[in-house]
Amino acid sequence: MRIAISYDTIQEYILENDLNESDSIILHPADYDNLAAEYAEENNIMIFRSFEILGIQVIEDTEDEVKKNQIMVVQMDAF
């Protein structure tokens with residue numbers, strides 16, 4: 001699914017797709033960087049590694065599998 005990635009759209013995606021703590025979201029590096037910056041500003045924190053939104057871990061794609069503006073969902077035990 002290709003959508004404009006933002007803090008709000010990720011929250012909506014999590015809720016609409018009924019994701020749970022065993023799921024992880026993987027994002028293109030550019031989307032991850034933008035979302036991490038928005039998340040850090042929204043929550044007034046610094047991010048040094050992956051983070052969670054609504055209990056769902058958000059991870060940067062390091063394998064070049066996720067296209068920009070795409071969300072990949074995987075099970076945590078897949079790592």
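**A tour by selection**

A search of this whole predicted model finds 1 salt bridge. Start there.

**Stop one: the salt bridge.** Select Lys68 and Asp31. Their side chains meet in a salt bridge, 3.3 Å from N to O. Lys68 sits in the loop between β3 and β4 (71-75), while Asp31 belongs to helix α2, so the pair ties together parts that are 37 residues apart in sequence. Now show the surface. Which of the two is buried? Asp31 is buried, with a relative accessible area of 3%. Lys68 is partly exposed, at 37%. Side chains of opposite charge can pair when their charged atoms come close.

**Stop two: the strands.** Select residues 23-27, strand β1, and residues 56-60, strand β3. These two run parallel, joined by 4 bridges. Click Ile25: its bridge partner in β3 is Val58. Strand β2 pairs with β3 in the antiparallel sense, over 3 bridges. Here Glu52 has Gln57 of β3 as its bridge partner. Then look at the hairpin of β2 and β3. It has 2 residues between the strands, and Leu54 takes a positive phi near 55°.

**Stop three: the negative patch.** Which residues form the negative surface patch? Select Asp8, Glu12, Glu16, Glu38, Glu41 and Glu42. Colour helices α1 (7-16) and α2 (29-43): each supplies at least two residues of the patch. Finish on Asp8, in helix α1. Asp8 counts as partly exposed because its relative accessibility is 49%.

Note on methods. Residues numbered from 1 in each chain as written. Predicted model: local features only at pLDDT ≥ 70, side-chain atom pairs only at ≥ 80, totals over all residues. Heavy atoms only, no water. Patch = residues over 30% accessible without salt bridge, like charges linked within 9 Å, V, L, I, M, F, W, Y side chains within 5 Å. Areas by Shrake-Rupley, 256 points an atom, 1.4 Å probe, with all protein chains shown as cover. Salt bridge = Lys/Arg side-chain N within 4 Å of Asp/Glu carboxyl O. Lys, Arg positive; Asp, Glu negative; His and termini not counted. Charge placed at Lys NZ, Arg CZ, Asp CG, Glu CD. Buried < 20%, exposed > 50% of the residue type's maximum accessible area, 1.4 Å probe, protein only. Pairing = 2+ DSSP bridges.
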